[in-house]
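This briefing describes a single protein chain for a reader who is new to structural analysis. Please consult the sequence and the structure shown here while reading the points that follow.

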Amino acid sequence: MQRLLYVSFLLISALTTAQQATVKGAFLEKWNNSRDYMIAVAEAMPEEYYDYKPTSRQKSFKEQLLHIQSNMNWLNSSYFIKNEKDKNNTDYFTFNKKDTIELLRSSFDKAYVTISATSEEELKETVAFFTGPKTKLQILNLMQDHVTHHRGQLLVYLNLKDVEPPSYSGW
């Protein structure tokens, strides 16, 4: 019986690890968790504080969310979607909380689908970037790092408005 439990544990562990065995697989798992955490942060702030800026030189809470979304779309459309550039001229700054969250969620999901369709070999390709040549894997890391950077700022905004931030979600 113990042997059966041990073999079952090994099999389940192997299957779980296999899903994360690739760089892309690990990124996609983290990306979905990052999306869920970002949406929880966006939902935590009451709508009446979406225009809140801690100082005049900073973006408002909503502007931070839209900046994250815009950067995701730019990197995704510029480096992962063939022959498509993000050219939407919609005035997102007129969006309410619900619309802003849906736009953010949609951008995360679109990037997920695009990256899912990108091969491991393509992630090794070097692309021209304004800071110099980068691999597509480095672009993915930049996408996640940018989200994390601005989400950290938003957590401060929540605390400044005495709104309890959602619990951290790492993986």
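Of the 171 residues of the chain, 37% count as buried; buried means under 20% relative accessible area, exposed means over 50%, and partly exposed lies in between, with a 1.4 Å probe and protein chains only. The model is predicted, so local features need pLDDT of at least 70 and side-chain atom pairs count only at pLDDT 80 or more, while totals for chains, interfaces and linings use all residues. Residues are numbered from 1 along each chain as its sequence is written, and side-chain values use heavy atoms, with hydrogens and water left out.

**Overall architecture**

- The chain contains six helices and two strands; helices (H or I, at least four residues) and strands (E, at least two) are DSSP runs, numbered from the N terminus.
- Along the sequence, these elements follow the pattern α-α-α-α-α-β-β-α.
- Among contacts between residues at least 6 apart in sequence, 74% join residues at least 24 apart; contact means heavy atoms within 4.5 Å.

**Packing of α3 with α6**

- Two packed helices are described by the angle between their axes and the distance between the axes.
- Helices α3 and α6 pack at an angle of about 175°, with their axes 10 Å apart; axes are lines fitted to C-alpha atoms, for helices over the stretch in contact, and angles run from 0 to 180 degrees between N-to-C directions.
- This makes α3 roughly antiparallel to α6, since angles over 145 degrees count as roughly antiparallel, under 35 as roughly parallel, 65 to 115 as roughly perpendicular and the rest as oblique.
- Residues of α3 in this contact include Phe61, Leu65, Ile68, Leu75 and Tyr79, and those of α6 include Ile139, Val147, Leu154 and Tyr157.
- By class, the contact of α3 with α6 has 13 nonpolar, six polar and two charged residues; Ala, Val, Leu, Ile, Met, Phe, Trp, Tyr, Cys and Pro count as nonpolar, Asp, Glu, Lys and Arg as charged, and the others, Gly among them, as polar.

**Ile68 in helix α3**

- Ile68 lies in helix α3 and is buried, with a relative accessible area of 0%.
- Apart from neighbours within four places in sequence, Ile68 is in contact with Met38, Leu104, His146, Val147, His150, Arg151 and Leu154.
- Ile68 and Val147 are 79 residues apart along the chain, yet their C-alpha atoms are separated by 6.0 Å.

**Packing of α2 with α4**

- Helix α2 (residues 23-44) and helix α4 (residues 97-116) pack at an angle of about 180°, with their axes 10 Å apart.
- The two helices are therefore roughly antiparallel to each other.
- Among the residues that meet are Phe27, Trp31, Met38 and Ile39 in α2, and Ile101, Leu104, Phe108 and Tyr112 in α4.
- The residues of the contact of α2 with α4 divide into 12 nonpolar, three polar and six charged.

**Aromatic pairs**

- A search of the whole structure finds 10 aromatic pairs; rings of Phe, Tyr and Trp (its six-membered ring) pair if their centres lie within 6.5 Å, and planes under 30 degrees apart count as stacked, over 60 as edge-to-face and the rest as tilted.
- The rings of Phe61 and Tyr157 have centres 6.3 Å apart and planes at 50°, so this pair is tilted.
- Because Phe61 lies in helix α3 (residues 61-79) and Tyr157 in helix α6 (residues 136-160), the pair ties together parts that are 96 residues apart in sequence.
- Phe61 is buried, with a relative accessible area of 0%, and Tyr157 also counts as buried at 1% relative accessibility.
- Tyr79 and Phe129 form another tilted pair, 5.7 Å centre to centre with 55° between the planes.
- Tyr79 in helix α3 and Phe129 in the loop between β1 (126-127) and β2 (134-135) are 50 residues apart, and their pair links distant parts of the chain.
- Both Tyr79 and Phe129 are buried.

**Surroundings of Tyr157**

- Ring pairs link Tyr50, Tyr52, Phe61 and Tyr157 into a cluster.
- Not counting residues up to four places away in sequence, Tyr157 touches Met45, Tyr52, Pro54, Gln58, Lys59, Ser60, Phe61 and Gln64.
- Lys161 lies over the face of Tyr52, at 4.6 Å from the ring centre; a charge sits over a ring if NZ of Lys or CZ of Arg is within 6 Å of the ring centre and within 35 degrees of the ring normal.

**Asp162 after α6**

- Most residues other than glycine have a negative phi.
- Asp162, in the segment after α6, has a positive phi of about 60° although it is not a glycine.
- Asp162 is exposed, with a relative accessible area of 73%.
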